[in-house]
Amino acid sequence: MAVLSIDTSAAIAVALVSDDGERLASRAVDERRRHAERLAPLVAEVLAEAGLTRADVTAVVAGTGPAPFTGLRVGLVTARTLALALGVPVLGVPSLDAVAVQAVADLGLTPDDEVLVAADARRKEVYWARYRVVAHEGPHGVPVVETVAGPDVGKAADVAAGLAPVPAGARLAVVGEGAALYPEPLALDGDDAPTLPDAVVLARVALQRRAAGLPLPHEPLYLRRPDVHEPARTATAVRGA
């Protein structure tokens, strides 16, 4: 049996992991505008690589953002539709959480260190959240983090200016695509710092949290209104209605 993981908060990332978190197959495509066209073929590819069918999927994990409206909606709708068709649960995990967990492993962070994750929010802004490391390796071998601020959206310089200092002896690692885009206020923490969500990590975080009995809501984290709005009705149209 397998868990299917989908994240469309930035690029498109799809993975299959076993029920204990072992990677079975994964794909990632740096596509920011054609999520709807590319996602279904990627799901088919990971199933084929793993030698499985949709009937073998026991849960669908969805990255819940924050992210721009359209891309995130495609991933969540796909996850919910597949789960409904298969009769399996949807497990939601904020996409920034997955990047934070990956940072703990990649950068060798230890308990009480902190991670600032910044994602591209367009409009010269970043989606961000700040985390404290609880355990470098928790259940299922996955680092455990807790959110201490955010998620929110704002200018990179404002986010940097508002950062509170970490406790004495602790480290603050800055990761995420937003830090790579705006290196002057938010310096990326070296070449090993993760920038995009990994669907494998997303799935492992979901499995760890499900085992701990934690809620896994799959409502999207948009944080601001979509860029495209339905045109307002004119006064003339209202009078003629």
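How does the radius of gyration of this 241-residue chain agree with that of a compact globule? A compact globule with 241 residues would have a radius of gyration near 18 Å, and the chain has 19 Å, which agrees. This radius is taken over C-alpha atoms, and the globule rule is 2.2 Å times the number of residues to the power 0.38.

The model is predicted: local features need pLDDT of at least 70, side-chain atom pairs count only at pLDDT 80 or more, and totals for chains, interfaces and linings use all residues. Residues are numbered from 1 along each chain as its sequence is written, and side-chain values use heavy atoms, with hydrogens and water left out.

**Stop 1: the whole chain**

Show the C-alpha trace. Along its principal axes it spans about 70 × 50 × 30 Å. Now switch to cartoon. The chain has 7 helices and 9 strands. These are DSSP runs, numbered from the N terminus: helices are H or I with at least four residues, strands are E with at least two. Buried residues make up 45% of the 241 residues. Buried means under 20% relative accessible area, exposed means over 50%, and partly exposed is in between (1.4 Å probe, protein chains only).

**Stop 2: a salt-bridge network**

Select Arg 23, Arg 27, Glu 45 and Glu 49. Salt bridges link these four in a network. A salt bridge is a side-chain nitrogen of Lys or Arg within 4 Å of a carboxyl oxygen of Asp or Glu. By this rule the count comes to 9.

Zoom in on Glu 45 and Arg 27. Their closest N and O atoms are 3.0 Å apart. The pair links distant parts of the chain: Glu 45 sits in helix α1 (residues 35-50) and Arg 27 in strand β3 (residues 23-29), 18 residues apart. Glu 45 is partly exposed, at 35% relative accessible area. Arg 27 is partly exposed too, at 28%.

**Stop 3: bridges between strands**

Select Glu 114 and Arg 130. They form a salt bridge, with the closest N and O atoms 2.5 Å apart. Glu 114 lies in strand β6 (residues 114-120) and Arg 130 in strand β7 (residues 125-135), so the pair ties together parts that are 16 residues apart in sequence. Buried or exposed: which are Glu 114 and Arg 130? Both are buried.

Stay on β7 and pick Arg 132. Its salt-bridge partner is Glu 146, with the closest N and O atoms 2.7 Å apart. Glu 146 lies in strand β8 (residues 144-155), so this pair ties together parts that are 14 residues apart in sequence. Arg 132 counts as partly exposed at 23% relative accessibility. Glu 146 counts as partly exposed at 33%.

**Stop 4: around Ala 79**

Select Ala 59, in strand β4 (residues 57-63). Ala 59 is buried, with a relative accessible area of 0%.

Next, pick Pro 89, in the loop between α2 (69-86) and β5 (90-93). The C-alpha atoms of Pro 89 and Ala 79 are separated by 9.6 Å, and the residues are 10 apart along the chain. Pro 89 is partly exposed, at 38%.

**Stop 5: an acidic group**

Which residues form a negative surface patch? Select Asp 106, Asp 191, Asp 192 and Asp 198. Patch residues have over 30% relative accessible area and no salt bridge; like charges are joined within 9 Å, and nonpolar side chains (Val, Leu, Ile, Met, Phe, Trp, Tyr) within 5 Å. End on Asp 198, in the loop between α5 (177-181) and α6 (199-211). Asp 198 is partly exposed, at 34%.

Technical notes: Areas by Shrake-Rupley, 256 points an atom, 1.4 Å probe, with all protein chains shown as cover. Lys, Arg positive; Asp, Glu negative; His and termini not counted. Charge placed at Lys NZ, Arg CZ, Asp CG, Glu CD.
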